[in-house]
Amino acid sequence: MEAPYYDYEAGGNWSVEAGWVCAGEAEEGGGGGETDWELSFSVLPVLYMLVFVLGLSGNGLVLFTVCRGPSGKRRPADAYLGNLALADLAFVVTLPLWAAYTALRFHWPFGSALCKVSSYLVLLNMFASAFCLGCLGFERYLAVVRRLPTAAPASAAASWASLRSRIWTWVSLAAVWLLAGLLALPALLLRQTQWSPREGGNGSAALECDMDFSALAGSAEEAARWLAALSLATTALGFVVPLGLLTLCYCCIGAAVSRHFRRRKEESRQRRRLLRIIVALVAVFALCWLPFHLLKSLYVLAWVGWLSLPCAWLDLILRLHPYATCLAYVNSCLNPFLYAFFDSRFRAQCRLLLGLRPARSRGPAGSVSSTLSGQTQKSELPSIGTKV
C-alpha cells in the first residue's frame, strides 16, 4: 500500500483520508472523504491571510522599533525580540502561498524552488522562534534572579559586564540561527513537487508540495522510519526542550520575585500581577504549539505501528490537524504583543518612533535591581512585570 502523505513540519497538508489503515471501514461507510474538507478549503485560506496581515504588521513594527531605537539603551532582551520578530516575519511572508495551496485543494502551482524555500522557512521559523524564546527566558532569568539581591556594580565592572552581555547575546543568536538552519535542512533537501491523482478516479491530478524520501529509503517501511524520526526529533527539539527551558526559567523567576516581595505585604497585588504575566508568557507558547505537536506525534506513531488508535480517532486527528496548524501559526501574531508590547518602555519607544507621542524627558530605564532599590521602588513597581 502506498504510504500516506504527512508533513513532518507545520507547512502543508496531511493526507485527506485515513484509508491507509482503515480501508475496511471506509468501504463499509466509515472514514472521511474529500467532501468533508470543503469547509476547510474555504476557511483555512482566510485564516492564513489573517495571520499574514497581523503577523506582517506586528512583527514588522517590532523589528522597526528595535532597529531604530537608540543603540545605547538596547537591552539583550531587545536583540532576542528583534530576531524573534525576524523569524516570524520570514515565516508569515510565505502564508499567501500556503493559503493559495489550500484554496486550490492542495495543488502547488508555484514551482519546485518555492516549494523548497517556503517549506524551509516554515521549519526555520519553528526552530528559530523556539530557540529565541528559550534564550529570552534564560536571559530574563539572569537579569532578574541574579540581580534582585545585589546592589548596583561599580562603573568599570558595569561596563565590562555590559560588554560581556552583548558578546554573549550575539554569540547565542549566531548559534540559534546556525542550529535552526541546520535542523531545517531536511525540508530544503527533501521537499519536491509531485503529481498525485485526485480522489474520485476521474483522471485529474494535483501537483503537491510533498516530502520525498526516495533518495534515502528503498521501501515504504524505511520511508516511514525516516518520517517518524524527523517528526519526533522536530517535536523534541522545536517544542519540548524550549518549553522545558522556558518553564524552568520562569518558575525560578517567579519563585525569586515571590520571595523578594514576601517581605512587603502591601506589594502583594503587584507580585500577583507579575506572576500572571510570567504564566501567560509560557502558557501562550505551549497552548499555540501543543495541539499541533500532539496530533502530529499521534498520527506518526500510529502510522509506523508503534501506537494503536481507533479509526474514528485517526479520522478526527486528520480533521483537526489543519486548525491545529493555524493555531500554531497564530503564535507568530501573538509574539509581538506578548514579548514586546507588554514592555511599557518598548511601547513608549514605539509610539515615539511612529510620531504618536512627543518625546518626554525620562531617566534611563534601569535594571530590575535598580528598579527595586531605594525610594523609587514603590513608584516604579508596576513596570517590573513588563521586563520579565
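Cys-132 is buried (under 20% relative accessible area, with exposed over 50% and partly exposed in between, for a 1.4 Å probe and protein chains only), its own relative accessible area being 1%. Its sulfur lies 6.5 Å from the closest cysteine sulfur, that of Cys-135, which is too far for a bond. Cys-252, by contrast, is partly exposed at 30%; its sulfur is 6.7 Å from the closest cysteine sulfur, in Cys-249, again too far for a bond.

The model is predicted: local features need pLDDT of at least 70 and side-chain atom pairs pLDDT 80 or more, whereas totals for chains, interfaces and linings use all residues. Residues are numbered from 1 along each chain as its sequence is written, and side-chain values use heavy atoms, without hydrogens and water.

One disulfide (a pair of cysteine sulfur atoms within 2.5 Å) is present in the structure. Cys-115 and Cys-209 form this bond, with an S to S distance of 2.0 Å. The pair links distant parts of the chain, 94 residues apart: Cys-115 belongs to helix α5 (residues 112-144) and Cys-209 to strand β2 (residues 205-211). Helices (H or I, at least four residues) and strands (E, at least two) are DSSP runs, numbered from the N terminus. The torsion about the S-S bond is about 90°, so the disulfide is right-handed. Both Cys-115 and Cys-209 are buried.

Helix α2 (residues 38-68) packs against helix α4 (residues 95-103) at an angle of about 175°, with the axes 8 Å apart. Axes are lines fitted to C-alpha atoms, for helices over the stretch in contact, and angles run from 0 to 180 degrees between N-to-C directions.
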